[in-house]
Amino acid sequence: MEPLKIAIIGDYNFTFNAHHATNLSLDHASIFLDVEINYYWIKISDAAQQKPAYFSQYDAFWIAPGPYQNSFFLNGIFKRLIEINKPVLATGESFKIFMEFLIAANNLNVVGDKLISENLSSGPYFEQIEITPNSRIFSKLYENFTTTELTATRYSLYPKLLDDLAGEWIDIEAKNQFDDPEIFSVKELTFFVVCAFYPQVSSTRDIPHPIIYTFLKSAAPWLLLAND
């Protein structure tokens, strides 16, 4: 089998723990699944300029946490990734940006209200949140993994917005102890999962994060058959 090719879209900085953890968590998952992967960091501004054929060379895409040099470019990238319907995992600050993309794309804020809070996580360190899975699939993923996650990004959403989005466009897969969504997936796509927290930070070589190895499994049907 050819190695899986994973595009990590983000503005890589080796001094950011979450970026370093992104690489390590993919290594953890590849060892766990016994599959070879190659991953490539692509600057957001570079990815935004590429034509559809460029994206076809990759098996899956990870929208990395920020900070971003220009987050505006992510909107076009999100649109392209939805169109090609390959596995996508987004973590950290991209949670809010993708929510805003959905709001704009579906005209859900015609009066310009503030529907998503600013980042409610404070301080220079990761904080703990408690995950409560909201679906059968994610309950199974967390059966043998801690529901205590680490994050530097946390957002509160206007309840009516959640009702509108969950009705047609997304499924809320998990919430935190504040009853705010922490994980959602996009309806009718193969695998498009968005986490406000950083699953890569909780991953270890001995216990790889289940969301991340499921992300890799979704990139190759033969992996799903071999490991289910």
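## Notebook: buried sites, cores and loops

I began with S117, which is buried, with a relative accessible area of 15%. The cut-off for buried is under 20%, so S117 falls within that class at 15%. The model I am reading is a predicted one.

**Entry on S117.** I looked up where S117 sits and found the residue in the loop between α5 and β5. I then listed its contacts, leaving aside neighbours within four places in sequence. S117 is in contact with K96, R154, Y155 and S156.

Is N107 buried or exposed? N107 has 56% relative accessibility, so I put it down as exposed. I also checked its backbone: phi of N107 is near 55 degrees, a positive value in a residue other than glycine.

I went to the loop between α1 (17-33) and β2 (37-42), which holds D34. Phi of D34 is near 55 degrees, again positive in a residue that is not glycine. D34 counts as exposed, because its relative accessibility is 70%. V35 belongs to the loop between α1 and β2 too. I noted V35 as buried, because its relative accessibility is 9%. I also took a distance from V35: its C-alpha atom is separated by 32 Å from that of S71, and the two residues are 36 apart along the chain.

**Entry on a cis peptide bond.** Which peptide bond did I note as cis? It is the bond from G66 to P67, with omega near 5 degrees. I placed P67 in the loop between β3 (60-63) and α4 (73-84).

**Entry on the largest nonpolar core.** In soluble globular proteins, nonpolar side chains tend to be buried together. The largest nonpolar core here has 37 residues, and I63, F98 and F184 touch the most other members. Which helix gives the most to this core? I found that helix α5 (residues 94-105) does, with seven residues.

**Entry on F184.** I listed the contacts of F184, not counting residues up to four places away in sequence. Among them are F95, F98, M99 and L102, and the list also includes I170, I172, F192, V193 and V194. D171 and E173 are touched by F184 as well. I then looked at the rings. F184 is part of one aromatic cluster with F78, F95, F98, F101, Y155 and F192. Y155 had already come up in my notes, as a contact of S117.

**Entry on aromatic pairs.** How many aromatic pairs does the structure hold? I recorded 19 aromatic pairs. Y54 is partly exposed, with a relative accessible area of 22%, whereas F55 is buried, at 2%. I then took the pair Y58 and F61, whose ring centres are 6.0 Å apart and whose planes are at 70 degrees, so this pair is edge-to-face. I checked burial for Y58 and F61 and found both buried.

**Entry on C195.** I looked up C195 and found it in strand β10 (residues 192-195). C195 is buried, with a relative accessible area of 0%. Leaving out residues up to four places away in sequence, C195 touches L89, A90, T91, G92, F95, E182, I183 and I211. One of these contacts, F95, is also in the aromatic cluster I noted above. I took one distance as well: C195 and S185 are 10 residues apart in sequence, and their C-alpha atoms are 8.9 Å apart in space.

I finished with the second largest pocket, which has a volume of about 240 Å³. Which residues are the closest to its centre? Of the 13 residues in the lining, they are N17, P124, F126, A152 and Y198. I sorted the lining of this pocket by class and noted eight nonpolar, four polar and one charged residues.

Key. Residues numbered from 1 in each chain as written. Predicted model: local features only at pLDDT ≥ 70, side-chain atom pairs only at ≥ 80, totals over all residues. Heavy atoms only, no water. 1 Å grid on protein atoms, 1.4 Å probe; cavity = no way out; pocket = protein on both sides within 12 Å on 5 of 7 lines; lining within 4 Å. Points joined across faces, edges and corners; volume = space filled by probe spheres on them. Nonpolar A, V, L, I, M, F, W, Y, C, P; charged D, E, K, R; others polar. Core = buried A, V, L, I, M, F, W, Y, C linked by side-chain atoms within 4.5 Å. Buried < 20%, exposed > 50% of the residue type's maximum accessible area, 1.4 Å probe, protein only. Helix = DSSP H or I, 4+ residues; strand = E, 2+ residues; numbered from the N terminus. Contact = heavy atoms within 4.5 Å. Phe/Tyr/Trp six-rings, centres within 6.5 Å; stacked < 30°, edge-to-face > 60°.
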